[in-house]
Amino acid sequence: MKSAQTAAQPAPPASPAEPERRFTTVSDLEIEPVYTPAHLDPFRYDERLGAPGEYPYTRGSYPSMYRGKLWTMRQFAGFGTPEDTNARFRFLRAQGQAALSTAFDMPTLMGYDADHPRARGEVGREGVAVSSLADMEALFADIPLDRVSTSMTVNCSASILLAMYFALAERRGIPLDRLGGTIQNDMLKEFIAQKEWICPPEPAMRIVVDMIEFCTTHAPRWHAVSISGYHIREAGSTAAQELAFTLADGIGYVQAAVERGLDVDDFAARLSFFFNVHNDLLEEVAKFRAARRMWATIMRERFGARQARSYILRTHAQTAGCSLTAQQPLNNVVRVAIQALAAVLGGANSLHTNSMDEVLALPTEAAVLTALRTQQIIAEESGVINTADPLGGSYAIESLTDRLEREAFAYIDRIDRMGGIIRAIELGFPQQEIADAAYHYQRQLDRGEKIVVGVNKYATADAAPLETLRVSNDVERRQVARVRERKQARDSAVVGQRLAAVRSAAREGRNLMPPIIAAVHEECTVGEISDIFREVFGVYRDPAWI
Amino acid sequence: MSDRRLRILIAKPGLDGHDRGAKIIARALRDAGFEVIYTGLHQTPEMIVEAALQEDVDAIGLSILSGAHMTLFPAVLELLHERGVDDLPVFGGGIVPPEDIAELKQQGVRELFTPGASTEDIVTWARTSLQPRG
């Protein structure tokens with residue numbers, strides 16, 4: 001039987017007039033035909049690599065790496081009502097996943113309740129809808145908060161969602177110091193890349209530091225910020241830019257917390273990172289290695305941290321959503337496997353593998369299972385976990401690691417000269433660098449200089465579509481009705497007092513977490529508390545650079 | 001038909017911040033000789049229609065990756081209809097399933113581009129399908 005014809009034309013024979021083919025990474029770094037000791041400048045093992053679990057941590061964050069503890073398999077999930085997502089959480093736990101990762105819907109992420117006019121059409125679409133503590137209660141029903149590690153991907157409304165998680169623990173009699181997990185809460189990368197914000201950078205940073213300060217004292221096992229390159233890469237950056245802007249953001253948070261009066265060694269070990277992992281296997285492995293070495297250097301040399309645990313960059317990784325294709329979606333399984341392997345060879349501490357259908361819609365249960373199984377196959381069958389940093393010492397990998405480090409430090413120097421990351425963001429510097437890189441890559445794709453299999457090469461006529469998950473419009477109606485009902489059932493005098501306490505803490509510069517926790521206990525909502533931020537701090541508008 | 005440059009509003013409705021596609025399309029159209037006005041993120045349908053009328057554009061391109069396309073495209077079309085401008089072409093791009101594309105085209109969306117479309121496809125479509133208004 002004849003299969004579908006490929007649309008790609010055979011390559012024309014090379015002619016001397018044509019430019020020589022360039023061999024580059026996905027980020028367009030030129031690669032040598034072969035790497036030799038001459039590319040290592042010079043190879044100082046103890047200083048530049050060190051043993052796994054030793055400064056500068058190039059070879060891994062822990063001595064025994066995956067023999068001691070596998071990376072955490074953490075599939076991000078969230079859609080529809082809190083009950084829908086709770087069912088998905090329980091499914092993932094039953095399939096051997098020990099850690100949870102919560103995706104919230106856009107209204108929740110942007111600080112609007114489900115019944116706000118701006119939430120129309122978006123409730124429960126890209127994540128789960130949570131407007132008040134009652135929703136949080138349903139989301140984590142029958143999940144033992146003191147025995148799971150929970151990640152919550154939320155930023156400009158993070159203080160409110162974290163307050164709800166803490167309030168829920170208090171209701172269940174679980175002390176906050178027994179809670180383990182991570183809240184993304186990385187506002188700097190929001191301004192740079194993901195672009196979900198409420199107030200301008202300065203007050204946004206103040207709220208982040210309030211949360212670092214609160215967690216350092218009351219919830220010491222909680223990671224109050226997950227410094228994220230993921231979205232920077234998804235927005236189109238190169239690997240070196242992802243590395244540079246992520247670590248520059250990290251520098252921004254550490255600097256701000258130190259200026260608040262915190263001792264760097266009291267909070268540094270609770271900062272975590274979140275990197276993308278794209279298709280270019282060697283470049284990605286080098287990126288993770290460079291990230292650990294750079295962060296260790298920054299913490300020791302720049303911030304004078306004294307404890308070894310403050311030097312260690314611990315990172316979650318997620319395969320690159322932007323690399324997946326709607327065409328021939330089964331190919332995405334292979335891309336995700338290569339990317340996941342790169343994350344493991346790079347020494348990631350936690351990993352989410354994307355589902356093959358995520359470019360089309362939220363993933364179905366079957367697609368999520370294949371994604372989780374991909375990690376389990378790497379862990380249990382591939383053998384790469386047997387030894388730490390198995391690619392360490394490769395001339396190519398070491399040379400690429402050095403090169404990404406040099407490029408990223410050059411960016412960090414430029415940002416320092418601008419006056420720091422907040423100033424650089426205000427000037428639009430990282431945003432423009434990323435937009436330029438994204439456009440450059442798109443032009444390369446359009447000219448066929450970069451290949452995406454099934455899209456600009458080996459394309460076929462439309463295949464049978466995958467079955468995708470659809471979120472019914474009913475979710476929005478039900479959620480809106482619930483939020484309205486609950487608002488009616490509250491004691492409005494108490495609600496008013498609790499909101500007033502949040503407002504005065506916001507105005508007077510006191511830590512916002514205690515009054516927000518008190519407010520959510522009384523069912524004050526995400527929208528109501530975000531409105532206080534809008535009122536007191538003002539609203540940030542997209543500068544809309546092209 | 002005038003030979004002035006076509007003016008296109010590239011708009012990003014909804015609450016999400018996925019502006020990579022919108023910005024690439026805005027640049028590609030600008031580089032291809034169109035006059036492009038980019039609204040920036042987090043626009044309501046009301047803001048988009050207001051901007052389109054004020055700027056007197058020849059077409060509106062919406063970029064939607066949040067799953068809210070079945071709410072936002074019809075809202076823009078409806079507002080244009082209320083303002084008496086049924087002839088202003090609306091096109092778009094984003095993650096839109098095939099059955100929704102058919103439905104939206106029936107409602108009056110001129111063209112929808114999905115992931116994998118090249119900027120050249122979009123520029124060619126704009127050159128051949130859009131005309132200066134008025």
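This is a predicted model: local features need pLDDT of at least 70, side-chain atom pairs count only at pLDDT 80 or more; totals for chains, interfaces and linings use all residues.
1. **First sheet.** Chain A has an open sheet of five strands in the order β2-β3-β4-β5-β6, with parallel pairing. At its edges stand β2 (76-77) and β6 (222-223) of chain A; each has a single partner strand, so one side of each lacks a neighbour in the sheet. As a reminder, strands of a sheet pair through backbone hydrogen bonds, in either the parallel or the antiparallel sense.

2. **Inside that sheet: β3.** Strand β3 (residues 99-103) of chain A is linked to strand β4 (residues 149-153) of chain A by five bridges, and the two run parallel. If you want one pair to click on, take T102(A), whose bridge partner in β4(A) is M152(A). Towards β2(A), β3(A) has two bridges, again with the strands running parallel. There, F76(A) stands opposite S101(A) of β3(A).

3. **How covered is β3?** Mostly: five of the five residues of β3(A) are buried. In a regular strand, side chains alternate between the two faces of the sheet, and it is worth looking at each face separately. On one side of β3(A) sit A99(A), S101(A) and A103(A), on the other L100(A) and T102(A), and all of these are buried.

4. Q318(A) has H352(A) as its bridge partner in β10(A).

5. Are the faces of β7(A) covered or uncovered? Both are covered: V225(A) and I227(A) on one side, and S226(A) and S228(A) on the other, are all buried. The partner of β7(A) here is strand β8 (residues 271-277) of chain A, paired in the parallel sense over four bridges. V225(A) stands opposite L271(A) of β8(A).

6. **α8 against α10.** Helix α8 (residues 201-218) of chain A packs on helix α10 (residues 239-260) of chain A at an angle of about 70°, the axes being 10 Å apart. The two helices are therefore roughly perpendicular to each other, and their crossing is right-handed. On the α8(A) side the contact uses M205(A), V208(A), V209(A), I212(A) and E213(A); α10(A) brings Y253(A), A256(A), A257(A) and R260(A). By type, this contact of α8(A) with α10(A) has seven nonpolar, no polar and two charged residues.

7. M187(A) lies in helix α7 (residues 187-194) of chain A. With 29 other C-beta atoms within 10 Å, M187(A) is buried. Leaving aside residues up to four places away in sequence, M187(A) touches N155(A), C156(A), A204(A), M205(A) and V208(A). M187(A) and V208(A) are 21 residues apart in sequence but 7.6 Å apart in space, C-alpha to C-alpha. Note that M205(A) and V208(A) also take part in the contact of α8(A) with α10(A).

8. **α20 against α22.** Further along, helix α20 (residues 492-508) of chain A and helix α22 (residues 526-537) of chain A pack at an angle of about 35°, with axes 10 Å apart. This crossing is right-handed too. L499(A), V502(A), R503(A), A506(A) and R507(A) of α20(A) meet E528(A), I529(A), I532(A), F533(A) and V536(A) of α22(A). The contact of α20(A) with α22(A) divides into seven nonpolar, no polar and three charged residues.

9. **The interface.** How many residues of chain A are in contact with chain B? There are 32, and they meet 32 residues of chain B. The elements giving two or more residues to the chain A side are α4 (106-110) and α18 (429-446) of chain A. The largest share, six residues, comes from α18(A). Overall, the side of chain A that touches chain B has 16 nonpolar, seven polar and nine charged residues.

Conventions: Residues are numbered from 1 along each chain as its sequence is written. Chains are lettered from A and ligands numbered from 1 in the order in which they are written. Axes are lines fitted to C-alpha atoms, for helices over the stretch in contact, and angles run from 0 to 180 degrees between N-to-C directions. Angles under 35 degrees count as roughly parallel, over 145 as roughly antiparallel, 65 to 115 as roughly perpendicular and the rest as oblique. A crossing is left-handed if the near helix is turned anticlockwise from the far one by less than a right angle, and right-handed if clockwise. Two residues are in contact if their C-beta atoms, placed from the backbone, lie within 7 Å. Ala, Val, Leu, Ile, Met, Phe, Trp, Tyr, Cys and Pro count as nonpolar, Asp, Glu, Lys and Arg as charged, and the others, Gly among them, as polar. Two strands pair if DSSP finds at least two bridges between them. A residue is buried if 20 or more other C-beta atoms lie within 10 Å of its own, exposed if 12 or fewer, and partly exposed in between; C-beta atoms are placed from the backbone.
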